[in-house]
Amino acid sequence: MAPTGVNQLSHPCIYGEFVSSYAERKSSFMKWLSKLFKSGPSRGNAAGSNRHPQLIGDESMIWRAPPRSLDDRSRAQKEKEELDHAIALSLGEDLKRRSGYRWQAEKDEELARSLQDSSNPPLYPPYAPAPASYYPYGQTQRICGGCKHDIRFGNYLGCMGTYFHPQCFCCRSCGRPIVENEFSLSGRDPYHKSCFKELAHPKCEVCHQFIPTNRAGLIEYRCHPFWSQKYCPSHEHDNTARCCSCERLESWDARYVSLGDGRSLCFECMESAIMDTGDCQPLYHAIRDYYEGMNMRLDQQIPMLLVERQALNEAIVGEKSGLHHMPETRGLCLSEEQTVTSILKRPTFGRHQLVGIKTQPQKLTRKCEVTAILVLYGLPRLLTGAILAHELMHGWLRLKGYRNLNPEVEEGICQVLSYMWLESEVMPGFKNMPSSSISTSAASSSSSSSSSKKGGKSKVEHKLGEFFMYQIANDSSPAYGGGFRSANAAVNKYGLRRTLDHIRLTGNFPL
């Protein structure tokens, strides 16, 4: 079909992306319209009027426009309005797309900044307040795990599954904020590394320094099994003084008292120490009464002397028979006639040592099977009494005709009597002999009377008594330790009297 003079106009379809600019879009539409319409100053004149040729777009052809009626003009006006409406819709869509892309680009940029902040949190410390727009748009609310308030702006710390203000992340020990890059964690409690080391890393109770690690990187220390005193292994070989009574090492901030014979005494043991023979006599008679209360009367008076270490060692050398506790013997039951130097007058205290001690030589003659009982001076009352109870049992066995006992049996039963006496002193209400036919009422009364003369025991002395019992029960030597455990088991099962009778007949403990 041949085209008419005027083409019918429809809405334009725009494919692909939006036009790059408003000017370019308008230019495109105007070129398209110029191909459909002619323009000129005499468009509304009659058919016979003068017409100028019109250039259509880029084509090199000229043609004259046909005459137009009113209907044609109204149709052309209608087509022009529809064209303007199409242009307006196209431009509106263009502006809408441009606005949308600009808004999306701004949102993407803001989101990128948010992700960057989340992946690289602000270094902490120090704390630097930031504006209210510090957190990205749409960020969830953060509650401080310390003050429980909202973290609105500023730096924060994310740790242990929650968030903290820098000033709220504090050490559990000292309460100050943790500003280091590293910290220690115990359960849910944070600590400064130095504070946690103070709490967890053991300190030496001698030099008060952190116990060093060994070559393997492990913390190695020594610990007293009863007192739980922790100390560096080096102090066992650096001449650090050790209390001759309780065995604790001397701390660098608490000097021990030197007894002048190579022994040292801590101040707690010094409180109840017995220093001369005269001071020891009441205790000696109280223990004899203890034996008598158990129907174990000592018919002969056995001399008792307090001596220095050197005098005791000389007496041990002069003794022809007998077993002695190693590494150090604290008491001795003599059977040979000897001359022994005893402590006549207690020394005085001066400059962390005892001075002015007076001694006298004393010739001991044997009037019975036992010559004398010797005990080291300067030991606490309960330890001195435990030694006396042990040595008196040696004397009782010899006086009663118990001959040629092997060391495990004799030393074991003597240790049992020493343990029983300590038990009556430390735990007066405790029945000290189960299944025993020997009455304990007299022993308890004598023990109570001896304690009442010196008043009630202090907590320190009570603890010392428990330690001396611990020493007896955990002795590692075959005669003193193994013998005690065998003897104690027999006494607990059969009683003291039946055990002694069995020893007299067989020389061994009953099974």
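Analyst: Start with Ser251 and Asp253, whose side chains are joined by a polar contact of 2.5 Å. A polar contact is a pair of N or O atoms within 3.5 Å; within protein, one must be able to donate a hydrogen and the other to accept it, and residues adjacent in sequence count only if both atoms are side-chain atoms. This is a predicted model, where local features need pLDDT of at least 70 and side-chain atom pairs count only at pLDDT 80 or more, while totals for chains, interfaces and linings use all residues. Residues are numbered from 1 along each chain as its sequence is written, and side-chain values use heavy atoms, with hydrogens and water left out.

User: Is Ser251 buried or exposed?

Analyst: Ser251 is buried, at a relative accessible area of 11%. The cut-offs are under 20% for buried, over 50% for exposed and partly exposed in between, with a 1.4 Å probe and protein chains only.

User: What does Ser251 touch?

Analyst: Not counting residues up to four places away in sequence, Ser251 touches Glu205, Val206 and His208. Contact means heavy atoms within 4.5 Å.

User: Switching to aromatics. How many pairs are in the whole structure?

Analyst: The search finds 12 aromatic pairs. Tyr156 and Tyr163 are edge-to-face, because their ring centres are 5.6 Å apart and their planes are at 75 degrees. Rings of Phe, Tyr and Trp (its six-membered ring) pair if their centres lie within 6.5 Å; planes under 30 degrees apart are stacked, over 60 edge-to-face and the rest tilted. Tyr156 is buried at 12% relative accessibility, and Tyr163 is partly exposed at 33%.

User: Which residues do ring pairs link into a cluster?

Analyst: Phe226, Trp227, Phe467, Phe468 and Tyr470.

User: And the largest nonpolar core, which residues have the most contacts inside it?

Analyst: Leu374, Leu388, Met393 and Ile413, in a core of 79 residues. Another core lies apart from it, with 13 residues, among them Cys144, Ile151, Leu157 and Ile178. A nonpolar core is a set of buried Ala, Val, Leu, Ile, Met, Phe, Trp, Tyr and Cys residues joined through side-chain atoms within 4.5 Å.

User: What is the mean pLDDT?

Analyst: The mean is 75, and 63% of the residues reach 70 or more. pLDDT is the predictor's confidence in each residue, from 0 to 100. Over residues 1-22 pLDDT stays under 50, and residues 118-138 also stay under 50. Where pLDDT is low, the predicted coordinates should not be read in detail.
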